Amino acid sequence: MTTEIVREADQDGIVTAAADRLTALIAEAIAQRGRARVVLTGGGAGIGLLAALRTADVDWHNVEFFWGDERFVAADDRDRNELQAREALLDHVHVDQALVHPMPADDGVFAGDVDRAARWYAGLVEPVDAFDVHLLGMGGEGHINSIFPRSPAVAEQAATAMPVRDCPKPPPTRITLTLPMVRRARQVWLLVAGGTKAEAAAAAMAGTDAVDVPAAGAVGSEKTVWFLDDAAAVAL
Ligand SMILES: O=C(O)[C@H](O)[C@@H](O)[C@H](O)[C@H](O)COP(=O)(O)O
């Protein structure tokens with residue numbers, strides 16, 4: 001298990017570096033296993049990466065997509081990570097829709113029932129023994145996915161996915177993969193830009209308790225890669 005730091009000048013640099021590497025990682029996974037399993041996230045860097053991949057030379061038809069977290073709002077709400085990912089990338093490339101696994105929205109069969117929606121997604125990801133890469137952004141206090149410091153989600157050891165209520169970052173109701181599920185990824189990539197995140201990035205890499213800085217618990221089974229811009233790297 002190794003940790004690598006990729007340092008770039010700014011968020012655009014991070015996004016470009018991550019897009020190049022992801023293109024190579026997907027090709028390698030498809031060559032070795034016939035399919036690449038990628039977990040997407042929300043946030044500026046995560047969605048920016050998807051937009052940057054639009055013109056990449058990738059065999060998208062053999063990529064399976066999961067989400068690390070999602071806002072439990074109506075499917076057509078602009079807050080949906082799924083909607084943003086579709087607009088940034090999935091609507092523009094030749095994906096196999098049967099391999100695209102968004103988290104449920106707060107309409108249709110799961111309307112009003114985030115617990116059932118999260119249980120359904122937990123059942124969907126449970127059989128996946130290894131994602132090839134789990135992409136993550138990080139908040140200034142160290143949250144990843146919708147796993148916030150000192151929350152029920154950060155303490156969860158059994159479930160693969162769970163509901164989140166009263167999330168400090170709006171919208172308040174969400175679904176998230178848990179840290180044990182994040183750690184099932186061969187590689188975990190954290191895309192982090194900006195000085196407001198420097199302290200949490202340094203604390204996470206120094207091995208702070210994940211209860212206080214959830215990103216500390218986000219490690220890949222083979223490799224963890226931190227993509228940091230200069231401002232986010234000042235406290236290392
Ligand atoms: O749904 C979300 O909001 C997220 O998945 C969240 O974990 C995000 O990745 C971080 O808050 C970083 O977001 P930024 O890259 O925009 O700072």
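This dialogue discusses how to read the secondary structure and packing of a predicted model.

Colleague: What should I know about the numbering and the model?

Modeller: Residues are numbered from 1 along each chain as its sequence is written. The model is predicted: local features need pLDDT of at least 70, side-chain atom pairs count only at pLDDT 80 or more, and totals for chains, interfaces and linings use all residues.

Colleague: Which domain does UniProt place at residues 10-226?

Modeller: The unreviewed UniProt entry gives "domain: Glucosamine/galactosamine-6-phosphate isomerase" there. UniProt positions follow the numbering used here, feature names are shortened, and annotations may be inferred rather than shown by experiment. Over residues 10-226, the chain is 32% helix and 18% strand, with the end C-alpha atoms 14 Å apart. Helices (H or I, at least four residues) and strands (E, at least two) are DSSP runs, numbered from the N terminus.

Colleague: What is the order of the strands in the open sheet of seven?

Modeller: Two strands pair if DSSP finds at least two bridges between them. Here the order is E1-E10-E9-E6-E2-E3-E5, and the pairing is parallel. Strand E1 (2-8) and strand E5 (100-101) are the edge strands, each pairing on one side only. E1 is joined to strand E10 (residues 223-229) by seven bridges, and Ile5 has Trp226 in E10 as its bridge partner.

Colleague: Which strands stand at the edges of the open sheet of three?

Modeller: That sheet has the order E4-E8-E7, with antiparallel pairing. Strand E4 (69-71) and strand E7 (161-164) are at its edges; each has a single partner strand, so one side of each lacks a neighbour in the sheet. The twist averages 15° from one strand to the next. Axes are lines fitted to C-alpha atoms, for helices over the stretch in contact, and angles run from 0 to 180 degrees between N-to-C directions. Four bridges join E7 to strand E8 (residues 174-177), with Ala161 opposite Leu177 in E8. Helix H4 (residues 114-125) packs on the sheet, touching E7 and E8, and its direction makes about 160° with that of E7. Residues count as in contact if their C-beta atoms, placed from the backbone, lie within 7 Å.

Colleague: How should I read the packing of two helices?

Modeller: Two packed helices are described by the angle between their axes and the distance between the axes. For helix H1 (residues 11-33) and helix H2 (residues 44-52), the axes come within 9 Å and cross at roughly 55°. H1 and H2 are therefore oblique to each other. Angles under 35 degrees count as roughly parallel, over 145 as roughly antiparallel, 65 to 115 as roughly perpendicular and the rest as oblique. The residues of the contact of H1 with H2 divide into seven nonpolar, three polar and no charged. Ala, Val, Leu, Ile, Met, Phe, Trp, Tyr, Cys and Pro count as nonpolar, Asp, Glu, Lys and Arg as charged, and the others, Gly among them, as polar.

Colleague: At what angle do H2 and helix H3 (residues 81-90) cross?

Modeller: Their axes cross at roughly 30° and come within 7 Å. H2 and H3 are therefore roughly parallel to each other. Ile47, Leu50 and Ala51 of H2 meet Gln84, Ala85, Ala88 and Leu89 of H3.

Terms used. Contact = placed C-beta atoms within 7 Å.
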